[in-house]
Amino acid sequence: MSRIDRCQVLPLRRISAPQGNITPVESERDLPFSIERVYYLYDVPGGESRGGHAHYALQQLLVCVMGALDVLIDDGCHRRTVRLDRAHQGLYVCPMIWRELHNFSSGAICLVLASEVYRESDYIRDYGEFQRLAGDGGA
Ligand code: TYD
């Protein structure tokens with residue numbers, strides 16, 4: 001299986017009630033990794049993009065908890081764009097995937113659940129370098 005095929009939109013639980021919804025996420029039950037870090041992207045100005053890097057080891061689940069955005073994922077061989085616009089769905093991103101986040105709607109909030117603490121040494125920020133390291137996309 002190529003790396004890009006490992007990057008799937010995972011359905012998350014939704015506990016609905018007349019007073020609103022709850023989506024719980026538990027490492028063991030809902031994710032293929034243990035959560036070590038949580039961060040969120042917000043107040044992204046119109047027209048701005050984020051990401052533009054890959055990680056050697058980090059696994060992530062990206063959840064657009066408010067609004068919508070597009071996530072471009074690229075394993076060095078194949079690329080596709082996933083629209084995230086539901087608080088009860090998350091895009092799993094495995095290691096060695098180039099990602100770019102585009103087209104944030106006004107007020108969008110993207111929650112990121114990550115398998116490791118922040119380490120700049122885990123980043124690959126140059127696309128040419130990523131392509132050299134990514135090989136055949138893991139196929
Ligand atoms: P970066 O991951 O490059 O942002 P994005 O991919 O969303 O555009 O991070 C931007 C800056 O924030 C960078 O200088 C490192 C810092 N940062 C942390 O200190 N801790 C974190 O958990 C994250 C995600 C970023």
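Let me start with a term: a contact means heavy atoms within 4.5 Å. Among contacts in this protein chain between residues at least 6 apart in sequence, 78% join residues at least 24 apart.

Some ground rules. This is a predicted model, where local features need pLDDT of at least 70, side-chain atom pairs count only at pLDDT 80 or more, and totals for chains, interfaces and linings use all residues. Residues are numbered from 1 along each chain as its sequence is written, and side-chain values use heavy atoms, with hydrogens and water left out.

Now the overall fold. The protein chain has 3 helices and 12 strands. Helices (H or I, at least four residues) and strands (E, at least two) are DSSP runs, numbered from the N terminus. The C-alpha atoms fill a box of roughly 50 × 35 × 25 Å, taken along the principal axes. What about the radius of gyration? It is taken over C-alpha atoms, and the globule rule is 2.2 Å times the number of residues to the power 0.38. For 139 residues, a compact globule would come out near 14 Å; the protein chain has 15 Å, which agrees.

Surface next. Accessible areas come from the Shrake-Rupley method with a 1.4 Å probe; for residues, only the protein chains shown count as cover. The protein chain exposes about 7,500 Å², and 49% of that belongs to carbon and sulfur atoms. Buried means under 20% relative accessible area, exposed over 50%, partly exposed in between (1.4 Å probe, protein chains only). Of the 139 residues, 43% count as buried.

On to the ligand. Which residues surround it? They are Arg-37, Tyr-39, Leu-41, Arg-50, Gly-51, His-53, Tyr-118, Tyr-123 and Arg-125. Near, here, means that one heavy atom of the residue lies within 4 Å of the molecule or strand. The shell divides into 4 nonpolar, 2 polar and 3 charged residues. For those classes, Ala, Val, Leu, Ile, Met, Phe, Trp, Tyr, Cys and Pro count as nonpolar, Asp, Glu, Lys and Arg as charged, and the others, Gly among them, as polar.

Polar contacts are pairs of N or O atoms within 3.5 Å; within protein, one must be able to donate a hydrogen and the other to accept it, and residues adjacent in sequence count only if both atoms are side-chain atoms. A ligand oxygen is 3.0 Å from an N or O atom in the side chain of Arg-50. For Gly-51, a polar backbone atom is 3.1 Å from a ligand oxygen. In His-53, a side-chain N or O atom is 2.6 Å from a ligand oxygen. Taken alone, the ligand exposes 530 Å², and the protein buries 61% of that. Strand S4 (37-41) and strand S5 (50-55) are the elements that give two or more residues to the shell.

Now the backbone. Most residues other than glycine have a negative phi. Met-96 has a positive phi, near 60°. Met-96 sits in the loop between strand S9 (89-93) and strand S10 (98-102). Is Met-96 buried or exposed? Buried, with a relative accessible area of 13%. Asn-103 also has a positive phi, about 55°. Its loop runs between S10 and strand S11 (109-114). Asn-103 is exposed, at 51%.

Asp-126 caps the N-terminal end of helix H3 (residues 127-134), with a side-chain oxygen 3.2 Å from the backbone nitrogen of Gly-128. Gly-135 follows H3, with a positive phi near 65°. Ala-139 lies in the segment after H3 and counts as exposed, at 69% relative accessibility. Ala-139 and Met-1 are 138 residues apart in sequence, yet 5.5 Å apart in space, C-alpha to C-alpha.
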